[in-house]
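Here are my notes on the two-chain model. Please read them with the structure open.

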Amino acid sequence: MTAITASVPARARDVLASEWIKLRSVRSTYLILLVAAVAAVGVGYLVTHSDATHWASMSASARAAFDPVADSFAGLGIAQLAFGALGVLAISSEFTTGLIRTTFAAAPRRRAVIAAKAAVAGVISLLAGELIAFATFFTGQWALSAQHLDVTLAHPGALRGVLAAGFYLAVMTWVGLGLGAVIRHTAGAITAMVGVVFLLPTIVGALPVPWNVRIGKYTVNLAAQQTIAQHPHAGYFSAGPSFLIVAAYAAVAIAAAAFVITRRDA
Amino acid sequence: MIEVHELTKRYGHAVAVDGLSFTVHPGRVTGFLGPNGAGKSTTMRVILGLDAPTAGWATVGGRPYQRLVRPLHQAGALLDAGAVPGGRTARDHLLAIAASNGIGARRVAEVLGLAGLDSVAGKRVRGFSLGMKQRLGIAAALLGDPPVLMFDEPVNGLDPEGVHWIRGLFKSLAAEGRTIFVSSHLMSEMALTAEHLIVIGRGRLVADAPIEEVVRQGSRNDILVRSPAGGALAGLLSQRGGAVTAETDGGLAVTGLDAAEIGDLAREHGIALHELTPRHASLEEAFMELTKDSVDYHADLPADTRKAA
């Protein structure tokens, strides 16, 4: 019952520790990462295996467009949703159950809580994302090696593409966290997530030329594709600027979360 | 100590709390009583800095809650026992809350014991009964060993043994000099736990007084008299200084005289009495009397629903 003073670093450590316990103590975290890993590695294997099987009958233009790195990441579309869900759940589950009130009563500095969630979920997602990315790459190259189509990490652009794929998954967690904080509802936030990563590129892709590319290069997953692909597609940004666009999505999502979190009643 | 000053909270056009002021003092259990929708939960959320007041302010230990560093050491609260993560174990749930205030695993084990949850500490909260969730919420409130504790409807869903436990816990916490603030919509529950009452209705203060005083203010004790010669008896009772009100069913509600005086008076005049019943308003009736003008929704009941107690 005595007043306790704590320095700012200690308080940051407090919320980080709390969020780490929350993330590691629910099964959904492990389940989501497992689904992401199986989807990324599995689909990547199927696509690269198909490449190797059909290589002999492929046209010259198809062979020229063949990208051994990008093809091994064909399963990223499903993995990105799983990581998005991880980010969404990190905060929406607290709003849905009402636990957010306990959280904010224990830590009234709400932006510190958002920052801690972003740091903990982000670091775990980055580690898991990179792990999945490397596993996906090596599995894909193993499948391609049947036709000697495989590349190594030493191949120009290959390591950059693998690292970018892992980073993209972490960005999806941050985007999910931002959407979860703004929408406060699991199903709603995941729907919005699907909108951002699937619906938006589909709609943009249907726009008349050249608007499909002019706008499309700013969408998060088309930008991410340029960071992973060996050669950027015509009209799109190169890997460097595309990487900044992908990172900007994470920054905007977390900033939005920080903005709304102090402006609404819990 | 909790202070609430001229607190107003509006949600759109709806006024949940309307210029509410009160102080909750340490060393006793203070009941926070009001019909459903009176603004109790809103007031508690504002005290905890969860909802921003439209006007006015609230402090805990003299400071706005949001300014507290490691606030669980200053105040603990149970707002909604159902607000727990189903997928986490009881221990992990408490460890996460504790960590945010620099509280370690040893204290978590202590409060699990205090709440009688030792045996289920490693079980996921999803399978808990409401009563077990209430205990878990109380354990969470106690983590920081705080001088101020707030509980919103804590006995809901508890079995009789749990209710008994919680009453004893509140009293012992108050006896240690802590400020205990407990909301309820049930006067009968408050009567068994609280020494002091803050009663609100439609977001306004209705009463802020020791519980006995609230009961006295809110009730009019009388004696029901029935007699075949009711008219004559009414006149005699009035002459003797009693106040007589005729009830719809022919009975007489008498105040100012006790049952013995009424009985003797009737005997002196040879008047037969068919009923002579002292009636005391129950706590529940005192409460309803207090808040009758301020309930949002109430059923239309027959004019006289008071029962002899």
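1. How much of helix α11 (residues 220-228) of chain A is buried, and why is it largely enclosed? Eight of its nine residues are buried, so the rest of the structure largely encloses this helix. Buried means under 20% relative accessible area, with exposed over 50% and partly exposed in between (1.4 Å probe, protein chains only). Helices (H or I, at least four residues) and strands (E, at least two) are DSSP runs, numbered from the N terminus.

2. Basis of these notes. This is a predicted model, in which local features need pLDDT of at least 70, side-chain atom pairs count only at pLDDT 80 or more, and totals for chains, interfaces and linings use all residues. Residues are numbered from 1 along each chain as its sequence is written, chains are lettered from A in the order written, and side-chain values use heavy atoms, without hydrogens and water.

3. Cover of α11(A). Its buried residues include Val220(A), Leu222(A), Gln226(A) and Ile228(A). Among the elements covering them are α5 (76-97), α9 (186-205) and α12 (239-261) of chain A. Contact here means heavy atoms within 4.5 Å.

4. Cores. The largest nonpolar core holds 88 residues; Phe73(A), Met172(A) and Phe181(B) touch the most other members. Such a core is a set of buried Ala, Val, Leu, Ile, Met, Phe, Trp, Tyr and Cys residues joined through side-chain atoms within 4.5 Å. Helix α8 (residues 158-183) of chain A gives the most to this core, 15 residues. Apart from it lies another core, of 57 residues, including Ile103(B) and Ala174(B).

5. Phe73(A). Leaving out residues up to four places away in sequence, its contacts include Phe137(A), Val162(A) and Ile228(A). Ile228(A) is also one of the buried residues of α11(A).

6. Sheet in chain B. Four strands form an open antiparallel sheet, in the order β11-β12-β10-β13. Strands pair if DSSP finds at least two bridges between them. The edge strands are β11 (243-246) and β13 (275-279) of chain B. Strands β10 (residues 222-226) and β12 (residues 252-255) of chain B pair over three bridges. Val225(B) has Leu252(B) as its bridge partner.

7. Interface. Chain A contributes 29 residues to the contact and chain B 37. Together they bury about 2,700 Å², 57% of it on carbon and sulfur atoms. Buried area is the accessible area (1.4 Å probe) lost on putting two parts together, summed over both. Two salt bridges (a side-chain nitrogen of Lys or Arg within 4 Å of a carboxyl oxygen of Asp or Glu) are counted between the chains. Asp14(A) and Arg70(B) form a salt bridge at 2.7 Å, N to O.
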